[in-house]
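Visitor: I would like to learn how to read a structural model feature by feature. Could you take me through one, giving the general idea before each case?

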Amino acid sequence: MAHDLASMILRSSLGALGHHGSSCTKCRRTPLAGELLHEFGSGKTLCALCLAELPEAERSPLRSERVHAAEKRLSVIPRAA
C-alpha cells in the first residue's frame, strides 16, 4: 500500500512539473531551482549547459530568468532580533 501511495505522489508531482513549460528546448531538461533559463528571440529557451555549447557570437539571450522552487515566489522578511 505504501508503494502505491509513493508512486501516485511521484506521478502527480511529475505531472505538475510538465505544466510550467520551463524546460530547455534543446536537451528537454527541466532546470533545478536556482538555475538560469535563457530565452531567445526565436522562442527557444536554453539551460546554462546548452548555452555554454553555443558559439560566443550566439550567446546573447533576450532575457534570463532564475527558476523558482514554487509557482509563487517566496517572500523574504528580516528576522526578529
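Guide: What follows is a short tour of this model, from its overall layout to its side chains. The model is predicted, and local features need pLDDT of at least 70, side-chain atom pairs count only at pLDDT 80 or more, while totals for chains, interfaces and linings use all residues. Residues are numbered from 1 along each chain as its sequence is written, and side-chain values use heavy atoms, with hydrogens and water left out.

Visitor: Which pattern does the protein follow when read along the sequence?

Guide: Helices (H or I, at least four residues) and strands (E, at least two) are taken as DSSP runs, numbered from the N terminus. In this protein there are two helices and three strands, and along the sequence they follow the pattern α-β-β-α-β.

Visitor: How many bridges join strand 1 to strand 2, and in which sense do strand 1 and strand 3 pair?

Guide: Two strands count as paired if DSSP finds at least two bridges between them. Strand 1 and strand 2 run antiparallel and are joined by three bridges, with Glu-39 standing opposite Thr-45 in strand 2. These two strands form a hairpin with five residues between them, and in the turn Gly-43 has a positive phi of about 95°. Strand 1 also pairs with strand 3, in the antiparallel sense over four bridges, and there Leu-37 stands opposite Glu-65 in strand 3.

Visitor: Which residues make up the largest nonpolar core?

Guide: In soluble globular proteins, nonpolar side chains tend to be buried together. A nonpolar core is a set of buried Ala, Val, Leu, Ile, Met, Phe, Trp, Tyr and Cys residues joined through side-chain atoms within 4.5 Å, where buried means under 20% relative accessible area, exposed over 50%, and partly exposed in between (1.4 Å probe, protein chains only). The largest such core here has seven residues, namely Cys-24, Phe-40, Leu-46, Cys-47, Cys-50, Leu-51 and Leu-54; strand 2 (45-47) and helix 2 (48-53) are the elements that give two or more residues to this core. If neighbours within four places in sequence are left aside, Leu-51 is in contact (heavy atoms within 4.5 Å) with His-38, Phe-40, Leu-46 and Arg-59. Across the protein, buried residues make up 15% of the 81 residues.

Visitor: How many salt bridges does the structure hold, and which residues are linked in a network of them?

Guide: Side chains of opposite charge can pair when their charged atoms come close. A salt bridge is a side-chain nitrogen of Lys or Arg within 4 Å of a carboxyl oxygen of Asp or Glu. The structure holds five salt bridges, and Glu-39, Arg-63 and Glu-65 are linked in a network of them. Another of the salt bridges joins the side chains of Glu-35 and Arg-29 (2.9 Å, N to O); Glu-35 is partly exposed at 22% relative accessibility, and Arg-29 is partly exposed at 25%.
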